[in-house]
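Colleague: Before we go further, could you take me through how to read the features of this entry, one by one?

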Amino acid sequence: MKTTLKTNITVKDICEGFVYNELEGKGLFGLSGKLTIQPEYQRNYIYASDGGKREIAVIESLLKDYPIGLIYFNKVSENKLEVLDGQQRITSVGRFVTDKFAIKDENGMQYFGTMAEDKRVKILETKLLIYECEGTESQIKEWFKTINIAGVPLVPQELLNAIYSGPFVTLGKEEFSNSQNANIQKWSAYIKGSANRQAFFERALDWVSKGNIDDYMSIHRNDKNINELKKYFNGVIDWVSSIFTEVESEMSGLEWGRLYEKYNTKAYNSAKISAEAQKLYADPYIKNRKGIFEYILGGATDTKLLEVRIFDEATKKAVYTTQTATAEKKEKSNCPHCAIGHDANKSKIWSFNEMDADHVAAWSKGGATSAKNCQMLCKTHNRAKGNR
Ligand SMILES: [Zn+2]
């Protein structure tokens with residue numbers, strides 16, 4: 001790969017013919033049309049988020065002569081350049097000189113158009129440090145994957161989008177990375193993260209590929225449609241939203257793809273499911289509310305998923321003391337199961353550490369986690385009883 005350092009390109013040159021697409025949140029072109037600011041494999045513009053602090057910082061850096069870092073262009077042909085790294089910074093500058101946002105100076109809030117002449121000149125004449133890179137697509141992409149990118153680090157899916165750029169990624173991003181898509185709100189009930197940062201695209205790929213996103217993107221890279229991806233994704237979303245009709249905050253971010261694969265052939269009665277979910281939701285003994293959904297899907301048997309609260313030390317000690325005193329009086333074992341047995345343990349007094357607490361009435365059958373429902377068993381018998 002060949003790289004050439006350019007030191008005489010100014011902000012004015014870059015912003016010549018700058019176009020910003022408000023709807024898609026991207027800077028499109030610069031350098032009089034010669035520069036593509038956001039090639040397909042780049043992410044959407046995010047410096048304007050978090051209250052625009054980052055884009056303001058870029059402009060203030062220019063005014064104070066602070067460096068804004070290296071910018072990398074990919075030289076596609078003599079008259080065609082693409083921004084490899086620096087898209088966020090360039091878009092910030094372009095947006096500012098086209099009056100898309102204001103910064104604060106000693107005279108109050110200033111748009112570029114209203115700011116003092118000397119400041120405008122200073123910004124426009126700032127020279128940027130730009131590396132122009134020439135190489136094969138795979139060299140450039142390999143490099144893009146490994147450089148330490150300044151600013152907001154790329155998330156893994158953004159890197160994959162860069163590596164497998166092509167028609168498939170373009171279509172996928174149109175559907176899943178567009179924050180204007182009306183479905184995003186519905187999807188957010190089940191998926192955590194933001195469209196801009198590829199959370200939905202990543203999840204869709206993860207589900208359809210059963211976790212092999214990299215392979216899937218490589219195979220489908222040149223596909224001219226995303227039918228399979230969309231169909232599978234919508235299938236999962238429709239499935240979960242038809243079973244769990246009430247949306248709970250704990251649903252967001254669960255492994256719905258895995259659950260769909262495991263349970264989608266089972267029939268569920270959504271009214272019954274809903275009542276069951278509400279009951280479990282109100283149960284103070286359930287520590288892991290995220291586990292409720294899989295617990296229900298699996299037929300309400302795997303209580304491990306719920307991490308039902310266990311008895312606290314004080315309760316266990318109190319129960320141990322009463323139980324042992326009674327047992328000693330009767331000259332029987334303090335483990336009620338040992339006491340009714342016929343072996344040598346039938347009169348054995350176990351120490352506190354040799355015993356475990358057990359729900360007399362199992363939690364899953366309505367038993368509470370209170371002293372009244374607690375009995376101490378020797379470890380062997382407690383293990384044998386299992387179901388708490
Ligand atoms: Zn026992």
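Modeller: We shall go through the metal site, the aromatic pairs, the charges over rings and the cavities in turn.

Colleague: What kind of model is this, and how are its residues numbered?

Modeller: This is a predicted model, in which local features need pLDDT of at least 70 and side-chain atom pairs count only at pLDDT 80 or more, while totals for chains, interfaces and linings use all residues. Residues are numbered from 1 along each chain as its sequence is written, and side-chain values use heavy atoms, with hydrogens and water left out.

Colleague: Which residues are the protein donors of the zinc ion?

Modeller: Donors are N, O and S atoms within 2.8 Å of the metal (3.2 Å for Na, K and Ca), and since water is not among the atoms, sites may look incomplete. Here the zinc ion has as protein donors the SG atoms of Cys-335, Cys-338 and Cys-378 together with ND1 of His-381, at 2.0 to 2.3 Å, and along the chain their spacing is C-x2-C-x39-C-x2-H.

Colleague: Why is the arrangement of the four donor atoms called tetrahedral?

Modeller: Four donors count as tetrahedral if all angles lie between 85 and 135 degrees. The angles subtended by the four donor atoms around the zinc ion are 99 to 116°, so the arrangement is tetrahedral.

Colleague: Is Cys-378 buried or exposed?

Modeller: Buried means under 20% relative accessible area, exposed over 50%, and partly exposed in between, with a 1.4 Å probe and protein chains only. Cys-378 is buried because its relative accessibility is 1%, whereas His-381, at 25%, counts as partly exposed.

Colleague: How should I read the aromatic pairs, and how many are there?

Modeller: A pair of aromatic rings is described by the distance of the centres and the angle of the planes. Rings of Phe, Tyr and Trp (its six-membered ring) pair if their centres lie within 6.5 Å, and planes under 30 degrees apart count as stacked, over 60 as edge-to-face and the rest as tilted. By this rule the count is 18 aromatic pairs. For Phe-176 and Phe-233 the ring centres are 5.0 Å apart and the planes at 75°, so this pair is edge-to-face. It links distant parts of the chain, with Phe-176 in helix H7 and Phe-233 in helix H11 (residues 227–243), 57 residues apart; helices are DSSP runs (H or I, at least four residues), numbered from the N terminus. Phe-176 is buried, with a relative accessible area of 0%, and Phe-233 is likewise buried at 0%.

Colleague: Which aromatic cluster do these rings belong to?

Modeller: Phe-176 and Phe-233 form one aromatic cluster with Trp-187, Phe-200, Phe-201 and Trp-207.

Colleague: Where do charges sit over rings?

Modeller: A charge sits over a ring if NZ of Lys or CZ of Arg is within 6 Å of the ring centre and within 35 degrees of the ring normal. The charged end of Arg-95 is over the ring of Tyr-20, at 4.7 Å from the ring centre, and Lys-348 lies over the face of Trp-350, 4.8 Å from the centre of that ring.

Colleague: How many cavities does a search of the whole structure find?

Modeller: Rolling a probe the size of a water molecule over the atoms shows where empty space is left. On a 1 Å grid over the protein atoms alone, a cavity is a set of points where a 1.4 Å probe fits but cannot get out, and lining residues have an atom within 4 Å of a point. The search finds two cavities of 30 Å³ or more, and the largest cavity holds about 50 Å³ of space, where grid points are joined across faces, edges and corners and a volume is the space filled by probe spheres set on the points. Among the residues lining the largest cavity are Phe-244, Met-251, Ser-274 and Phe-293, and helix H13 (residues 270–281) gives the most to this lining, with three residues.

Conventions. Tetrahedral: all angles 85-135°; square planar, octahedral: opposite > 155°, others 65-115°. Helix = DSSP H or I, 4+ residues; strand = E, 2+ residues; numbered from the N terminus. 1 Å grid on protein atoms, 1.4 Å probe; cavity = no way out; pocket = protein on both sides within 12 Å on 5 of 7 lines; lining within 4 Å.
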